[in-house]
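Please walk me through this structure, one part after another. A plain explanation in paragraphs will do.

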Amino acid sequence: MEQHRASAGNTSSKAKNSLSVLLEKNRSTRGYDCSFIVRPDQLRRIVAVNTKVASARNRQVLRFRLVMNDEAHKLIPYISMGAGLPEMKLPLPGHEPNAFIVVCSAIEPRTSTYIDLGISVQSMLLQAAEIGLNGLCILSFDKDAIKGALALELEPLMVVAVGKSAEKHALVEITADEPHDYYRKDGVHCVPKVRLDDLII
Ligand SMILES: Cc1cc2nc3c(=O)[nH]c(=O)nc-3n(C[C@H](O)[C@H](O)[C@H](O)COP(=O)(O)O)c2cc1C
């Protein structure tokens, strides 16, 4: 497949990074290839999307703490991954992320801050996918512990893990009435997604 894309030239490289392809690649990842160490320039490129995204009244109140390999271990005990698969105790040893972006708010968060947060994080994850990385937005984390571990002065709202995926994922079309829980089947992480006709009202 990669060979086919390479030989097809420009047209295929556009298709490779089309929005629909990036949306598919942008799967929540809870197992990383630890031999790949995320570089500072990669995290900066990901955070740079925030110089271009929408923000309520254009206040741009979000701030981003980059956490590289030297500090990532400090966060691991305070994040929760894959609550839907408690028996797996994710991340598996040796598959932890080695980079994070901790998104903070420069103001007391209000509703629009959380909407800004969603726009920001999804945009960053799509940028990560474009450069061959993956990530995970983590809302389930120990705020005080992470604030302390990183000596943050601002309130952390979300922790975003970033790295090279070591997982296989599949999207599974479902009706709105079918179970939404993600699951593992034959080593593949399966994510049910409600079909378009059931989303449109
Ligand atoms: C606001 C938000 C918070 C999330 N928090 C966590 C989390 O704390 N831990 C985790 O493992 N996944 C977390 N996720 C990832 C979701 O579980 C994931 O998006 C969902 O299973 C669908 O998978 P997909 O992102 O690959 O489509 C979060 C996602 C969102 C949007």
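Helices and strands are DSSP runs, numbered from the N terminus: helices are H or I runs of at least four residues, and strands are E runs of at least two. The model is a predicted one, in which local features need pLDDT of at least 70, side-chain atom pairs count only at pLDDT 80 or more, and totals for chains, interfaces and linings use all residues. Residue numbers start from 1 along each chain as its sequence is written.

Ser80 is a place to begin. Ser80 sits in the loop between α5 (69-72) and β2 (99-105). Ser80 has 13 C-beta neighbours inside 10 Å, so Ser80 counts as partly exposed. With C-beta atoms placed from the backbone, a residue is buried if 20 or more other C-beta atoms lie within 10 Å of its own, exposed if 12 or fewer, and partly exposed in between. Leaving aside residues up to four places away in sequence, Ser80 touches Ser140 and Phe141; contact requires that the C-beta atoms of two residues, placed from the backbone, lie within 7 Å. Ile138 is 58 residues from Ser80 in sequence, yet their C-alpha atoms are 7.2 Å apart in space.

Next comes the ligand. There are 13 residues around the ligand, of which Arg27, Ser28, Met81, Leu139 and Ser140 come nearest; a residue is near a molecule if its C-beta atom, placed from the backbone, lies within 6 Å of it. Strand β3 (residues 134-138) gives the most to this shell, with three residues. By class, the shell has seven nonpolar, four polar and two charged residues. Ala, Val, Leu, Ile, Met, Phe, Trp, Tyr, Cys and Pro count as nonpolar, Asp, Glu, Lys and Arg as charged, and the others, Gly among them, as polar.

Nine residues from domain 1 and seven residues from domain 2 take part in the contact. The side of domain 1 that touches domain 2 has two nonpolar, four polar and three charged residues.

An open sheet of three strands has the order β5-β7-β6 and mixed pairing; two strands pair if DSSP finds at least two bridges between them. β5 (168-174) and β6 (183-185) stand at the edges, each with a single partner strand, so one side of each has no neighbour in the sheet. β6 pairs with β7 (residues 188-194) in the antiparallel sense over three bridges. In β7, Cys190 stands opposite Tyr183.
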